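Here's a quick briefing to read with the model open beside you.

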Amino acid sequence: MIDWDRIKELRDEIGAEDFAEVAEMFVSEVDSSIDTLRTSPNMDTLGEDLHFLKGSALNLGFAELSRLCQQGEIAARAGKPETVDIGQVVSTYDASKEQFLNSALVKGAA
């Protein structure tokens, strides 16, 4: 679900203190997008919304979320946004976020 090697690499590159800030910013930005998907997804912008989430997820090692967003983005841009399993995207984010925030790599960064 999470690419821990990517997270460790990013933490090593930017340092523990800056990593904590990046992680906090990531969670805040993605939480907002996920909340929109959870409560009132816009089928007209679903491809763009999933594209944003895909990039954010990939940058911070949320591999499964990134994969699901890519699949959904492709479907939405092909004119089939109704085929996107938004619930799966949301639940995968929730599970990934919980694992991420409870990991020693993240807790040790603060």
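Asp 12 is exposed, with a relative accessible area of 52%; exposed means over 50%, buried under 20%, and partly exposed in between (1.4 Å probe, protein chains only). Its salt-bridge partner is Lys 8, at 3.0 Å from N to O, and Lys 8 is partly exposed at 43% relative accessible area. This is a predicted model, where local features need pLDDT of at least 70 and side-chain atom pairs count only at pLDDT 80 or more, while totals for chains, interfaces and linings use all residues. Residues are numbered from 1 along each chain as its sequence is written, and side-chain values use heavy atoms, with hydrogens and water left out.

**Salt bridges**

- Side chains of opposite charge can pair when their charged atoms come close.
- The cut-off here is a side-chain nitrogen of Lys or Arg within 4 Å of a carboxyl oxygen of Asp or Glu, and a search of the whole structure turns up eight salt bridges.
- Asp 12 and Lys 8 are four residues apart in helix α1 (residues 4–14), so about one helical turn separates them. Helices are DSSP runs (H or I, at least four residues), numbered from the N terminus.
- Arg 77 pairs with Glu 73, and their closest N and O atoms are 3.2 Å apart. Both sit in helix α4, four residues apart, or about one turn of the helix.
- Is Glu 73 buried or exposed? Glu 73 is buried, with a relative accessible area of 9%.
- Elsewhere, salt bridges that share partners join Asp 35, Arg 38 and Asp 94 into one network.

**Negative patch**

- Glu 17, Asp 18, Glu 21 and Glu 24 gather in a patch of negative charge on the surface.
- To join a patch like this, residues need over 30% relative accessible area and no salt bridge, with like charges joined within 9 Å. Asp and Glu count as negative, Lys and Arg as positive, and His and the chain ends are not counted.
- The place of a charge is taken as CG of Asp, CD of Glu, NZ of Lys or CZ of Arg. Accessible areas come from the Shrake-Rupley method with a 1.4 Å probe, and for residues only the protein chains shown count as cover.
- Glu 17 belongs to helix α2 (residues 16–39) and is exposed, at 67% relative accessible area.

**Aromatic rings**

- How many aromatic pairs does a search of the whole structure find? The search finds four aromatic pairs.
- One of them is Phe 62 with Phe 100, an edge-to-face pair at 5.3 Å centre to centre and 65 degrees between the planes.
- That pair links distant parts of the chain, 38 residues apart: Phe 62 is in the loop between α3 (46–59) and α4 (63–77), and Phe 100 is in helix α5 (residues 86–101).
- Rings of Phe, Tyr and Trp (its six-membered ring) pair if their centres lie within 6.5 Å; planes over 60 degrees apart count as edge-to-face, under 30 as stacked and the rest as tilted.
- Phe 62 and Phe 100 are both buried.
- Ring pairs link Phe 62 and Phe 100 with Phe 19, Phe 26 and Tyr 93 into a cluster.

**Distances along and across the chain**

- Trp 4 lies in helix α1 and is partly exposed, at 32% relative accessibility.
- Ile 86 is in helix α5 and is buried, with a relative accessible area of 14%. Ile 86 and Ile 14 are 72 residues apart in sequence and 33 Å apart in space, C-alpha to C-alpha.
- Met 1 is in the segment before α1 and is partly exposed at 43% relative accessible area. From Met 1 to Ala 20 is 19 residues in sequence and 20 Å in space, C-alpha to C-alpha.

Notes: Patch = residues over 30% accessible without salt bridge, like charges linked within 9 Å, V, L, I, M, F, W, Y side chains within 5 Å. Helix = DSSP H or I, 4+ residues; strand = E, 2+ residues; numbered from the N terminus.
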